[in-house]
Amino acid sequence: MIRVIIPAHLRTLAHVEGEVKLEIEGQATQRSVLDALEARYPVLRGTIRDQVTKERRPFLRFFACAEDWSLEPPDAPLPDAVTTGAEPFLIIGAIAGGQDR
Amino acid sequence: MSKLRVLVGTRKGAFILTSDGRRENWDVSGPHFAGWEVYHLKGSPADPNRIYASQSSSWSGQVIQRSSDGGKTWEAPGGGVTTSPEGFPRGESNRFVYDTSAETGKPLTTHQFYDGTQQPWVFKRVWHLEPSLNDPETVYAGVEDAALFRSTDGAHSWHELAGLRGHGTGPKWQPGAGGMCLHTIVLDEKNPGRIYIAISAAGAFRTDDGGKTWRPINRGLKSQYIPDPDAEVGHCVHRIAMHRSRPDVLFMQKHWDVMRSDNGGDLWHEVSGNLPTDFGFVIDVHAHEPETIYVIPIKSDSEHFPPEGKLRVYRSRTGGNEWEPLTKGLPQRDCYVNVLRDAMAVDSLDKCGVYFGTTGGQVYASADAGDSWVPIVRDLPPVLSVEVQTLT
């Protein structure tokens, strides 16, 4: 069981409270976790990764076990502590974003 | 008695203001989608309880919301947890993918960036939603980077009307200060095949075949900031307004200049007349007087606030050229807000109501066609858009 923490705005959008708990078949990676998250909450498609390229949106970052995983390959295995549910996989909004209108 | 519903999009959510036909006491609901930018929301003329909203953020991208009960509850179409019979997750409503098919997406050119280099199209957000005049399930979306999309299934799925970018002038389109956005969509009640759109900074375009083919309609526009001031495209059109009884007559607030066309955009002429400045964003037409139009002059493209710190709506009862300032009830000193392009609307009561929102968070209303104004709410986040529904 994988525990995922998503930003507050996305929790509101997906109508979830607190952590999301996901069962992943096979190796847990960023890609498999996000695939499972989007399958459970389709409204999140496009809000974390681009709808087409599947690239991480620029103002979101991924953390696991106090390490920044944002730039790691999407198919790299996540740490055992995340895989076992001891530690969460965090999706965090960068302290950035701006007004461009 | 009639009721009014004012739909307000802001930088931190949407608000819905309601009143009876006297337009004296307003209830405010919201924020809906708190914390998200709501560039625009608009109700369907065919079913006023159907409202579409564009919710977006720099962090999390684009979400389309819709309501079927006048804004009390909302759903992201197709965003539920169920899956299709094929097991494919739903949730397509936020998917705006440029058409690259050989049959319809032939164009796929690049566009010009601020520095003059060529860049590929990248979807960023929906600026404007325009519901069909007669089908609540059909809605158009104007997006950044500039393109026009249409949904015919209540915003579940979106398809680009690729003929617009297929026109071939894309390499000359460039972003305005707010990005390269398609921000205006005007539907013609008398001619369903005709649609006008406007893009900053490419100009105005028209289709007469329901969106298959398009042509630029910018003759008569002059823009000093592009190398050829009479160019076919490249003009920074801020807004176009039309009275539904006279679909060939268009009014335009350009970056600079207030313009008018009497032939569906084939040729424009300037009607700025005695305005204190002809820079601005909004323009709208009185609900019952096709020659009465409203603008809000802004000092300049580098100083986005009213001249002299006085917030003044200007009204012309002659279709332009002769303008009168409307000031009663509006701040006439120390006012330095802006009024953005989608932030003015009119109701259709006998005595036409006029509404606009400011970047200072006020929404002003006039129940007497502009003669006097009151703030119907005054401390919202910066207002991005205002629409009005007149409910009977």
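In chain B, 4 strands form an open sheet with antiparallel pairing, in the order β17-β18-β19-β20. Because β17 (237-242) and β20 (268-270) of chain B are edge strands with a single partner strand each, one side of each has no neighbour in the sheet. From one strand to the next the twist averages 25 degrees. The model is predicted: local features need pLDDT of at least 70, side-chain atom pairs count only at pLDDT 80 or more, and totals for chains, interfaces and linings use all residues. Residues are numbered from 1 along each chain as its sequence is written, and chains are lettered from A and ligands numbered from 1 in the order in which they are written.

Helices (H or I, at least four residues) and strands (E, at least two) are DSSP runs numbered from the N terminus; two strands pair if DSSP finds at least two bridges between them.

A second open sheet of 4 strands in chain B runs β25-β26-β27-β28, also with antiparallel pairing.

| Antiparallel strand pair | Bridges | Residues opposite each other |
|---|---|---|
| β18 (250-254) and β19 (258-261), chain B | 4 bridges | B:Phe251 and B:Arg260 |

In chain A, helix α2 (residues 30-40) has A:Gln30, A:Val33, A:Leu34, A:Leu37 and A:Glu38 buried (20 or more other C-beta atoms within 10 Å of the residue's own, C-beta atoms being placed from the backbone). Seen down the axis of α2(A), these buried residues fall within an arc of 125 degrees, so they line one face of the helix; the arc is that of the directions from the helix axis to the C-beta atoms.

How values were computed:
Axes fitted to C-alpha atoms, helices over the stretch in contact; angles between N-to-C directions. Buried ≥ 20, exposed ≤ 12 C-beta atoms within 10 Å, placed from the backbone.
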